[in-house]
Amino acid sequence: MLRRSAFRLPRHPTSVGLARHRVRDHLEGWEQEGETVESVVLVVSELATNAVRYSPLLEREFEVAVTVHSDGSCVVEVSDGGAQSRPVPRDAGDGDESGRGLRLVQALSDTWGVRERGRYGKTVWAVLAEPAVG
């Protein structure tokens with residue numbers, strides 16, 4: 001079984017919280033629970049924050065998609081119009097207030113990457129496997 005939800009939000013800081021809330025609701029509605037839900041919600045938060053902060057100024061919206069596969073793994077995708085700004089993990093210093101988001105995405109996901117969409121921007125994606133039980 002495959003379940004997918006995608007939605008667009010305005011490029012505004014308040015949309016990050018809305019993205020977290022909507023993804024959590026979808027996952028819980030699909031009977032996902034525990035660590036995976038918390039990790040997926042955190043990854044969505046980090047990627048949505050990047051879309052809001054670093055998308056081109058004229059970009060009005062970004063898209064969030066979450067897909068749950070039959071094995072329990074989740075794919076998170078956040079798309080925006082920022083074709084020129086390819087995200088790269090940074091090494092934030094102890095006193096830095098930002099710059100850790102993609103390192104967090106790396107730590108929580110099994111794999112992640114960026115898919116270019118030509119003149120339509122890019123999609124940053126992450127795959128989170130269901131944690132082993134036992």
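Is Arg117 buried or exposed, or does its relative accessible area place it in between? Arg117 is partly exposed, because its relative accessible area is 32%, where buried means under 20%, exposed means over 50% and partly exposed covers what lies in between, computed with a 1.4 Å probe on protein chains only. The model is predicted, so that local features need pLDDT of at least 70 and side-chain atom pairs count only at pLDDT 80 or more, while totals for chains, interfaces and linings use all residues. Residues are numbered from 1 along each chain as its sequence is written, and side-chain values use heavy atoms, with hydrogens and water left out.

Arg117 sits in the loop that joins strand 4 (111–116) to strand 5 (122–128); strands (E, at least two residues) and helices (H or I, at least four) are DSSP runs numbered from the N terminus. Leaving aside residues up to four places away in sequence, Arg117 touches Ser79, Asp80, Lys122 and Thr123, a contact being heavy atoms within 4.5 Å. A polar atom of the Arg117 side chain lies 3.4 Å from the backbone oxygen of Asp80. Gly81 is 36 residues from Arg117 along the chain, and their C-alpha atoms are separated by 8.6 Å.

Tyr54 belongs to helix 2 (residues 35–54), and Tyr54 is partly exposed, with a relative accessible area of 45%.

Elsewhere, Arg22 lies over the face of Phe7, at 4.1 Å from the ring centre; a charge sits over a ring if NZ of Lys or CZ of Arg is within 6 Å of the ring centre and within 35 degrees of the ring normal.

Conventions: Polar contact = N/O pair within 3.5 Å; in protein donor to acceptor, adjacent residues only side chain to side chain.
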